[in-house]
Amino acid sequence: MTPLRLVFMGTPDFAVPSLRALADAGHEVVCVYSQPPRPAGRGQQVQKSPVHRFAEERGIPVRTPKSLRNAEAQAEFADLKTDAAVVAAYGLILPQPVLDAPRLGCLNVHGSLLPRWRGAAPIQRSILAGDAETGITIMQMDIGLDTGAMLLKDAVAITAETTASSLHDALADMGARLIVQALDGLAEGRLTAEPQPEEGVTYAAKLTREDGRLDWTRDAAFVERQVRALTPWPGCWFDIKGERIKVLKAEPAPEARKAAPGTLLDDRLTIACTDGAVRLTLVQRPGKGPVDGAAFLRGFALPVGTLLDDAACSAGN
């Protein structure tokens, strides 16, 4: 391994394993860039990002600029005189002067098999779409949106049990392993960046709370994937009797009878969809703890045959 002088740019939990792996591999991480501390949690207390906190634990200087578009910030970055910058879910656009400053350029740890799922939410979108696999791409960054040439890839299967949380953790660990390999190969001249193919491009649009609204007129397989993909953020939900009910877990119910979409089919909170049915196995009312579907119905008094479709699908309209 060739020790390199690096700057690391990242913000959430996803980026921490990559920063840890680079430091543990013996590279000199001279500075970390992360998003500025922001209010978070119920108390809305200002908190440093996970990457910020980890860097401080390791004694690495941290910078938290709100933008890198101004000449002063770009000059400060260039003055670090690094061999490479590693970027993992940083959250700020890197202008061309920043991309050009490190000797070996800026490498991105991206959570998909590019060119599929360029953009902000590749982990959730891959589950939501029913993809059979996803992975990590180590990419040489350019000015486009995840359009740079690829250095390394590895894949992981998406199964019927895969959730956004489990996939996030698997890809974070995979990214940590691959970024160390990519830097070694690049520094030693063993890796050549390969342009992304023009075919197969998709975009992972940023998630909003509305993405979590359950629509019983979709097929049951989609609704079940929606719960696995969008928990914990933005969370899945439906409205009934003036309450917004969070859905934390769900499973297919292939044995359920066919009925109009949104019909409550039994006392275990099985809901008919356009094609098939889905059983909501863990739900939560506002201000209360999570319960299984049967316990929810005992407290909510919804008779079998109730049509949830109107209440759920009119939410926000």
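Let's start with a pair of charged side chains: Arg-279 and Glu-251 meet in a salt bridge, with 3.5 Å from N to O. The two partners sit in distant parts of the chain, 28 residues apart, with Arg-279 in strand E15 (residues 277–284) and Glu-251 in strand E13 (residues 243–252). Please keep in mind that this is a predicted model.

The two ends of this bridge are worth a look one by one. Arg-279 has a relative accessible area of 7% and is buried, because buried means under 20%. Glu-251, at 34% relative accessibility, counts as partly exposed. Both belong to a network of salt bridges that also links Glu-255 and Asp-266.

## Other salt bridges

The structure holds 15 salt bridges. One of them joins Arg-5 to Glu-28, where the closest N and O atoms are 3.5 Å apart. Arg-5 belongs to strand E1 (residues 5–10) and Glu-28 to strand E2 (residues 28–33), so this contact ties together parts that are 23 residues apart in sequence. Arg-5 counts as partly exposed at 28% relative accessibility, and Glu-28 counts as partly exposed at 44%.

Another bridge pairs Arg-116 with Asp-131, with 2.8 Å between the closest N and O atoms. Here both partners come from loops: Arg-116 from the one between strand E7 (106–110) and strand E8 (118–119), and Asp-131 from the one between helix H5 (122–128) and strand E9 (133–140). They are 15 residues apart. Arg-116 is partly exposed, with a relative accessible area of 30%, while Asp-131 is buried at 12%.

Now for the nonpolar side chains. In soluble globular proteins, such side chains tend to be buried together. In this model, the largest nonpolar core has 65 residues, and Phe-8, Trp-216 and Leu-280 are those with the most contacts inside it. Helix H6 (residues 164–187) supplies the largest share of this core, 10 residues.

There is also a second, separate core of 16 residues. Among its members are Met-9, Cys-31, Leu-68 and Ala-73.

## The annotated domain

UniProt, in an unreviewed entry, places the feature "domain: Formyl transferase N-terminal" at residues 5–183. In the model, that span is 32% helix and 27% strand. How far apart are the end C-alpha atoms of residues 5–183? They lie 11 Å apart.

Notes
Residues are numbered from 1 along each chain as its sequence is written. This is a predicted model: local features need pLDDT of at least 70, side-chain atom pairs count only at pLDDT 80 or more; totals for chains, interfaces and linings use all residues. Side-chain values use heavy atoms; hydrogens and water are left out. A nonpolar core is a set of buried Ala, Val, Leu, Ile, Met, Phe, Trp, Tyr and Cys residues joined through side-chain atoms within 4.5 Å. Buried means under 20% relative accessible area, exposed over 50%, partly exposed in between (1.4 Å probe, protein chains only). Helices (H or I, at least four residues) and strands (E, at least two) are DSSP runs, numbered from the N terminus. UniProt positions are given in the numbering used here, feature names are shortened, and annotations may be inferred rather than shown by experiment. A salt bridge is a side-chain nitrogen of Lys or Arg within 4 Å of a carboxyl oxygen of Asp or Glu.
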